[in-house]
Amino acid sequence: MVDILVVLLPGLILGIIFGIILQRGRFCMNSAFRDIIVLKEFTLIKSVILAILISMLGFAVMAFGNIITLNPKPFAPVANIVGGLIFGMGMTLAAGCASGTTYRVGEGMMGSLVALLGYSLGAYITKSGAWSEAKTILQTYKISEVGTGANLTVFGSELTPIFMLIIGIVGIVVVLYFWIWPMLKSRKTADNKMFDFSDIGKKIFKNGWSWAITGSAIGILALFAYVSSAATGRNYALGITSGWAGWLKYWITGLDSALSWEVFLVVGIVIGAFISSMIAGEFKLRSPKDGKRILIQFIGGLAMGFGAVVAMGCNIGNTLSGVPLLSVGSLVSTAFIILGAWFLAYLLFMRK
Amino acid sequence: MVDVNDILDCRGEVCPYPDVKSKRKVKKMGSGEVLKILIDYPLSAERIPETLKSMGNEVLSVEKVGNSEWEILVKIK
C-alpha cells in the first residue's frame, strides 16, 4: 500500500506547485542552456543560477540545523561524461529537458507527450531492462573521497557544507547586486514604481513570471522537497527521471512499491502545469505538423532516459539538486549535459 | 492597419524552432517591411519580441488572439 500522508499527498502537492512555477516561469534548462549560444539570451539561465544558489544556501543551513543530511551523488567519470552528453543531445532532439518536457505535457503539447513516453521507457529499460548492462559497465569506475570513502565533493565531505554556505551567500548577494538591482532600478525609471502589487492575481496567473521570481520559487521549493522526500526514505531534493521510470514500472509490473514520492511529484507537475496553463489561457492540444518531428522527439526522449540513468540524474537530479551539494559527479554531468546540448544545437540551429 | 509583407506561421512548432525561424526570416527581409508571426507557444511569444527588439527591429504589436495563440507584428529595421 502507498502511504497517503507521507508519500502520495506531499509528493503530489509539491509536484503541483512545481508544475505551476515551471509553467509560469517557462523554466526549461534546455532553452536556458541553448539560448546562451543560439539567441545570446541569458534570462532563463539567470533563473537556473538563482535557484541553485538558494538551494545551496538552504541545504547548508538545514544540514547545520540537523534537519537534513547531505547526500551528494557519486562521481563515476565515464558514466557522468557519456550519460551527460547523451542526455544533453537527447533533450535538444526532444525539445525540452526533463522538467521542460514534463510541464509541457500539462500545456497540451503532444510532441512532448511522445518525448515523455520515450523518456520513461529509456529510463526504465536502462534501470532494470535490456540496457541495464551498459549502465553497469559505464558506472563501474567510481572515484570516492580518499580516506572516508564518501562520495566526492569539491571541497571534501568536511569542508563542503561550509563552502556551500559561503558560495550561497556570496552568490545571492552578487545576483542581487548585478542582476536584480539594475532590473528594479530600470523598472523604477520606467513607471516610478519598484514593486507594483496592483493586479497581483493577473500577474501571478496570466502573465509570465520574471526570471528572479521563478528562480527564487524553485530554489525555495527544493528545500521543502528535500525534507518531504527524506521522510519517505529518499534522502534527496527534487528529481524527475526515477519518477517517470517508477511510473512506467508501476503500470508494467503492478507493484505498489514502484509508486515512490518521486512518481507523485512528476504526476503533480503535469497537473500543476495543466491548471496553470488553463487559467492563463495557454492550454491547447497541439502537435508538430511534421510527423518526422514527433519521431525525433521520441528518439530524443529515449536518449534522455538512457543518459539520465547512466549519469545518475537528469538536469533536475544533477543540475538543480546535485550542483548545490557541490557533488563532483553532478558538476561533471551538468557540464557535459550543456556540451551535448550545445553540440547538437550548433549542428541544427546555427550552421548556414 | 499596417500592410503586412509576409506571414510566418510557427504554430505547432516546438522550442526553439519558432525563435530560430523568425530570426532567420527577419534577416532575409528588407528594411521597412512588416512581418506577421503566428505563434502558439507561450515561451516564444514572450521571447521572440525581445530577441527581435535586441536585433534592432521595431515590434509593432504582440496580440493574444486565442487560446495559446499570438500574433506578432514586427517592422524590419
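Modeller: Two residues are in contact if their C-beta atoms, placed from the backbone, lie within 7 Å. The model discussed here is predicted.

Colleague: Which residues does Pro324(A) touch, not counting residues up to four places away in sequence?

Modeller: Pro324(A) is located in the loop between helix 14 (315-320) and helix 15 of chain A. Its C-alpha atom is 5.7 Å from that of Ile52(A), although the two are 272 residues apart in sequence. With residues up to four places away set aside, Pro324(A) touches Ile52(A), Ser55(A), Met56(A), Phe59(A) and Met164(A).

Colleague: Is Pro324(A) buried or exposed?

Modeller: A residue is buried if 20 or more other C-beta atoms lie within 10 Å of its own. Pro324(A) has 28 other C-beta atoms within 10 Å, and therefore it is buried.

Colleague: How does Lys206(A) count, by its C-beta neighbours inside 10 Å, and where is its place?

Modeller: The loop between helix 9 (200-205) and helix 10 (211-230) of chain A holds Lys206(A). Because Lys206(A) has 14 C-beta neighbours inside 10 Å, it counts as partly exposed.

Colleague: What separates the C-alpha atoms of Lys206(A) and Leu113(A)?

Modeller: Along the chain, Lys206(A) and Leu113(A) are 93 residues apart.

Colleague: How many residues of helix 5 of chain A are buried?

Modeller: Helix 5 covers residues 98-106 of chain A and is mostly covered. Its buried residues include Ser99(A), Thr101(A), Tyr103(A) and Arg104(A). The helix is followed by Gly108(A), which has a positive phi near 95 degrees. The buried residues in helix 5 of chain A number nine of nine.

Colleague: Why is helix 2 of chain A described as oblique to helix 15 of chain A?

Modeller: Helix 2 (residues 29-38) and helix 15 (residues 328-350) of chain A pack with their axes 9 Å apart, at an angle of about 55 degrees. Angles from 65 to 115 degrees count as roughly perpendicular and those under 35 as roughly parallel. The angle therefore makes helix 2 of chain A, relative to helix 15 of chain A, oblique.

Colleague: What is the make-up, by class, of the contact of helix 2 of chain A with helix 15 of chain A?

Modeller: The crossing of these two helices is right-handed. Helix 2 of chain A contributes Asn30(A), Phe33(A), Arg34(A), Ile37(A) and Val38(A), while residues from helix 15 of chain A include Trp342(A) and Phe349(A). By class, the contact has nine nonpolar, one polar and one charged residues.

Colleague: Why is chain B as compact as a globular protein of its length?

Modeller: Chain B has two helices and four strands, in the order β-α-β-α-β-β from the N terminus. For 77 residues the globule rule gives 11 Å, so chain B is as compact as a globular protein of that length, its radius of gyration being 11 Å.

Colleague: What percentage of the residues of chain B count as buried?

Modeller: The C-alpha trace of chain B spans about 30 × 25 × 20 Å along its principal axes. Of the contacts in chain B with a separation of 6 or more, 58% join residues 24 or more positions apart. Among the 77 residues of chain B, the buried share is 39%.

Colleague: Which element gives the largest share of the side of chain B that touches chain A?

Modeller: The contact takes 21 residues from chain A and 15 residues from chain B. Helix 1 (17-28) and helix 2 (42-54) of chain B are the elements giving two or more residues to the side of chain B that touches chain A. The largest share, five residues, comes from helix 2 of chain B.

How values were computed: Residues numbered from 1 in each chain as written. Chains lettered and ligands numbered in written order. Predicted model: local features only at pLDDT ≥ 70, side-chain atom pairs only at ≥ 80, totals over all residues. Axes fitted to C-alpha atoms, helices over the stretch in contact; angles between N-to-C directions. Parallel < 35°, antiparallel > 145°, perpendicular 65-115°, else oblique. Left-handed = near helix turned anticlockwise from the far one by under 90°. Nonpolar A, V, L, I, M, F, W, Y, C, P; charged D, E, K, R; others polar. Rg over C-alpha atoms; globule rule 2.2 N^0.38 Å. Buried ≥ 20, exposed ≤ 12 C-beta atoms within 10 Å, placed from the backbone.
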